[in-house]
Amino acid sequence: NAGNSITSGGNFNTVVGDEAGTAITTGDNNTFFGYASGDALDTAANNTAIGHNALSADTKGSHSVAIGKGTLANQNFTSATDAYNVAVGSSAGNDITTGIQNTLIGGLAGDAITDADNNVALGYSAMTVNVLGSESVAIGTFALNSQNPASATNMYNVAVGHNSGAAVTTGIRNTYIGALAGDGSDDGSDNTAVGKSALSVNHGNDNTAIGESALAIATGTSNTAIGKDSGSSITSGNKNTILGKYSGNANNLDIRTASNNIVLSDGDGVPRMAVSGNGAFRYNSDAAGATRAVLVGQKEAISDSTATNFAKIVGPSNAIHAFLRLTMNIFDPGTNVGTVEKTFRIFYNGSTTLLNEMTSSVGNIANPTIGISASGTDFTLSIDCNTQASQYKISYELDVLMDTANLGQVDIVEL
């Protein structure tokens, strides 16, 4: 019965197989190979169907290609429509009814789509449960294989790589490129991940991760990390920006759960410059063994008669030789009542600190005390405004330079 209904005006058709093209009347330029392929089409044109039951339900749709058993088996336009669907692979595009301009290549690729448009799925099980989501690209086995909005939605997701975007369900406008990139996110939107395992757990919105394992376990929002392993230790922190291999926890700088930090690191993951969420600026001069470190920051709510820690120097051992320059402005509150400038030479051998506490009047503050205490390799700086009636705020610049007679790594941490 192949092509047995073709009438005058049905031209340039090729039909091979029992029931293939059996309903064609005046349709032109159709090519059908396989049992019941294209067997319902009557006046449609320019279709190609190869495989058992390929394109077997459509009556009026034109310009489709179905290659493989059951491909486009449920497509059915009841009025003349240029569908431009392409399905290649067993059951690819099997459930499409009236969706148009979809390109689905691979076994089970896009096989649940019904009325969605303009999707591209390339790879086994790519976009395999999507029913109504349109405007997405999935390239790679299992790419976007969980995408499935509850209603017709332009998703604008792009996933390229094995399992990339595999957990996305309702998230939109995401771009995931690389094997396992974005494979843990379900409803996050406006994320970009480039690199294997970048943004690999369930995360929020507006994240950008470029580099293998960048922001791999981040669950927050609006983070940006560029570089291999960049931000790979960050968990719940938000709005952080990292350039370089810094993981989010290295060299006495831990921002794993912190927010609004900016970090510039070197290729070994050592943070060389950083600005904290409080606005403190930190600088290290040397990666392997920093001989100079700078911290610029501020501290609020300084108690009137209690020493308040504001910074910590981390030395190479429980002994340190260094020069320290401290410039501090003291506010009461809102009014700058004085400035402290002092240069110290710190010599600590594990038991004795040769740094005299500084006491002097600053403005109307009598005898503010700058102190240092040692614990292991940590040297904590504090200020005590001594029996004043109100609380104070300080801004400070702390510059530590290792003594050339005893070079070693030094760092400063904001407290």
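**Close-up views of a predicted model**

**View 1. The pairing of Arg272 with Asp266.** In this predicted model, a salt bridge joins Arg272 to Asp266, with 3.8 Å between the closest N and O atoms. Arg272 has a relative accessible area of 26% and is therefore partly exposed, whereas Asp266, at 15% relative accessibility, counts as buried. The structure holds five salt bridges, and two further examples are shown in the next views. Side chains of opposite charge can pair when their charged atoms come close.

**View 2. The pairing of Asp42 with Lys60.** The side chains of Asp42 and Lys60 meet in a salt bridge, at a distance of 3.4 Å from N to O. Asp42 belongs to the loop between β2 (31-33) and β3 (48-50), while Lys60 belongs to the loop between β3 and β4 (61-62), so that the pair ties together parts lying 18 residues apart in sequence. Asp42 counts as buried, because its relative accessibility is 18% and the limit for a buried residue is under 20%; Lys60, with a relative accessible area of 23%, is partly exposed.

**View 3. The pairing of Arg256 with Asp254.** Here the closest N and O atoms of the salt bridge between Arg256 and Asp254 are 2.7 Å apart. Both partners are partly exposed, Arg256 at 34% relative accessibility and Asp254 with a relative accessible area of 41%.

**View 4. Ile242 and the largest nonpolar core.** The largest nonpolar core has 43 residues, of which Phe32, Leu55, Leu215, Ile242, Tyr246, Ile255 and Val263 touch the most other members. Apart from this core lies another of 13 residues, among them Ala293, Phe310, Ala311 and Ile412. Ile242 lies in strand β18, which spans residues 241-243, and counts as buried at 2% relative accessibility. Beyond four places in sequence, the residues that Ile242 touches are Thr224, Ala225, Ile226, Ser230, Gly231, Ile234, Ile255 and Val263. The C-alpha atoms of Ile242 and Val263 are separated by 4.8 Å, although these residues are 21 places apart along the chain. In soluble globular proteins, nonpolar side chains tend to be buried together.

View 5. Asn223 is found in the loop between β16 (208-210) and β17 (224-226), and at 0% relative accessibility Asn223 counts as buried. When residues up to four places away in sequence are left aside, Asn223 touches Asp206, Asn207, Thr208, Leu215, Gly237, Asn238, Lys239 and Asn240.

**View 6. The buried loop residue Gly110.** Gly110 lies in the loop between β8 (103-105) and β9 (120-122), and its relative accessibility of 0% means that Gly110 counts as buried. The C-alpha atoms of Gly110 and Leu144, residues 34 places apart along the chain, are separated by 9.8 Å.

**View 7. Confidence along the chain.** The mean pLDDT of the protein chain is 84, with 78% of its residues reaching 70 or more. Over residues 356-366, however, pLDDT stays under 50, and for this stretch the model has 36 contacts beyond four places in sequence.

Conventions. Residues numbered from 1 in each chain as written. Predicted model: local features only at pLDDT ≥ 70, side-chain atom pairs only at ≥ 80, totals over all residues. Heavy atoms only, no water. Core = buried A, V, L, I, M, F, W, Y, C linked by side-chain atoms within 4.5 Å. Buried < 20%, exposed > 50% of the residue type's maximum accessible area, 1.4 Å probe, protein only. pLDDT = per-residue confidence, 0-100. Contact = heavy atoms within 4.5 Å. Helix = DSSP H or I, 4+ residues; strand = E, 2+ residues; numbered from the N terminus. Salt bridge = Lys/Arg side-chain N within 4 Å of Asp/Glu carboxyl O.
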